Amino acid sequence: PVLTVVFTPSDVGDFMGDFLIRRADSCPQKKVKLMGRGVSSCLTWKAEPPDDAAGLGAHFGSVQPSAVKPGKVTWSNACSIDAELSELRTADPVFAVTSPAPLVVPAATRDAMGVWSDGSAVTTLEFRPVALGPKQDHLIAVTSFSSQPQLSVSLKGFGGGPKIQVTPSPI
């Protein structure tokens with residue numbers, strides 16, 4: 001016989017429970033402990049250079065045309081199964097994904113004390129403006145989670161001009 005247990009948390013937090021099993025009437029009972037974690041989102045991220053304190057988007061600042069400024073997005077996985085991110089892309093080639101895809105974000109793990117550690121993985125990008133002016137785009141990732149089928153990280157940068165130093169001339 002096979003026993004299937006489905007864990008569907010209704011709230012965010014840690015859950016524990018147990019049940020007794022017995023292979024046959026003549027066998028002793030065994031207690032099986034179950035532990036699970038309810039999360040609001042399996043996958044979260046932090047972008048660098050950050051657009052705001054939360055780091056939900058990247059802002060590369062002012063970069064001279066034909067120069068390159070690197071950035072990254074660190075993905076975190078709070079769920080207990082690995083997540084695969086595929087089709088990592090941007091629409092505008094001035095924002096280039098430089099790390100390979102697909103990317104696996106490892107599952108969260110629990111240590112002997114019951115403390116969870118989220119799995120993490122990094123996507124690297126570059127801002128390569130070819131002209132002056134503001135640029136905006138999104139880093140898109142397709143995930144293996146039906147609860148979060150696609151992720152979108154905002155990207156901003158400004159193609160800035162050359163540094164100019166102005167000094168007054170003596171009269």
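## A pair to start with

The side chains of E126 and R128 come together in a salt bridge, with N and O 2.6 Å apart. R128 has a relative accessibility of 34%, so R128 counts as partly exposed. Keep in mind as you look around that this is a predicted model.

This pair belongs to a set: searching the whole structure turns up six salt bridges. Side chains of opposite charge can pair when their charged atoms come close.

## Two further salt bridges

Another of these pairs joins E87 and R89, whose closest N and O atoms are 4.0 Å apart. R89 is partly exposed, because its relative accessibility is 35%.

## Around D92

The loop that holds D92 runs between β6 (83–89) and β7 (95–97). Why does D92 count as buried? Its relative accessibility is 18%, and the cut-off for buried is under 20%. Once neighbours within four places in sequence are set aside, D92 is in contact with K135 and D137.

## Overall build

The protein chain has 13 strands and zero helices. With a radius of gyration of 24 Å, well over the 16 Å that the globule rule gives for 171 residues, the chain is more spread out than a compact globule. Along the principal axes, its C-alpha atoms fill a box of roughly 105 × 30 × 25 Å.

Of the 171 residues in the protein chain, 29% are buried. The accessible surface of the chain is about 11100 Å², and carbon and sulfur atoms account for 57% of that. Taking the contacts with a separation of 6 or more, 64% are between residues 24 or more positions apart.

Where is Q148 placed? Look in the loop between β12 (133–143) and β13 (150–159). Q148 counts as buried because its relative accessibility is 13%.

Not counting residues up to four places away in sequence, Q148 touches S41, C42, L43 and T143. For L43 there is also a polar detail: a polar atom of the Q148 side chain lies 2.8 Å from the backbone nitrogen of L43. K46, by contrast, has its C-alpha atom 16 Å from that of Q148, and the two residues are 102 residues apart along the chain.

## A nonpolar patch

Which residues make the nonpolar surface patch of about 340 Å²? They are L3, V5, I21 and L34. V5 belongs to the segment before β1 (13–21). At 48% relative accessibility, V5 counts as partly exposed, because the cut-off for exposed is over 50%.

## Backbone features to check

Most residues other than glycine have a negative phi, and most peptide bonds are trans. Here are some places where the backbone of this model departs from that pattern.

The peptide bond from E48 to P49 is cis, with an omega near -5°. P49 is in the loop between β3 (43–48) and β4 (57–63). Another cis bond leads from A101 to P102, with omega near 0°, and P102 is placed in the loop between β7 and β8 (103–105).

S66 is not a glycine, yet its phi is positive, at about 75°. S66 is in the loop between β4 and β5 (69–77), and it counts as exposed because its relative accessibility is 71%. E87, the residue that forms a salt bridge with R89, has a positive phi too, near 50°.

Notes:
Residues numbered from 1 in each chain as written. Predicted model: local features only at pLDDT ≥ 70, side-chain atom pairs only at ≥ 80, totals over all residues. Heavy atoms only, no water. Helix = DSSP H or I, 4+ residues; strand = E, 2+ residues; numbered from the N terminus. Buried < 20%, exposed > 50% of the residue type's maximum accessible area, 1.4 Å probe, protein only. Contact = heavy atoms within 4.5 Å. Polar contact = N/O pair within 3.5 Å; in protein donor to acceptor, adjacent residues only side chain to side chain. Patch = residues over 30% accessible without salt bridge, like charges linked within 9 Å, V, L, I, M, F, W, Y side chains within 5 Å. Areas by Shrake-Rupley, 256 points an atom, 1.4 Å probe, with all protein chains shown as cover. Rg over C-alpha atoms; globule rule 2.2 N^0.38 Å.
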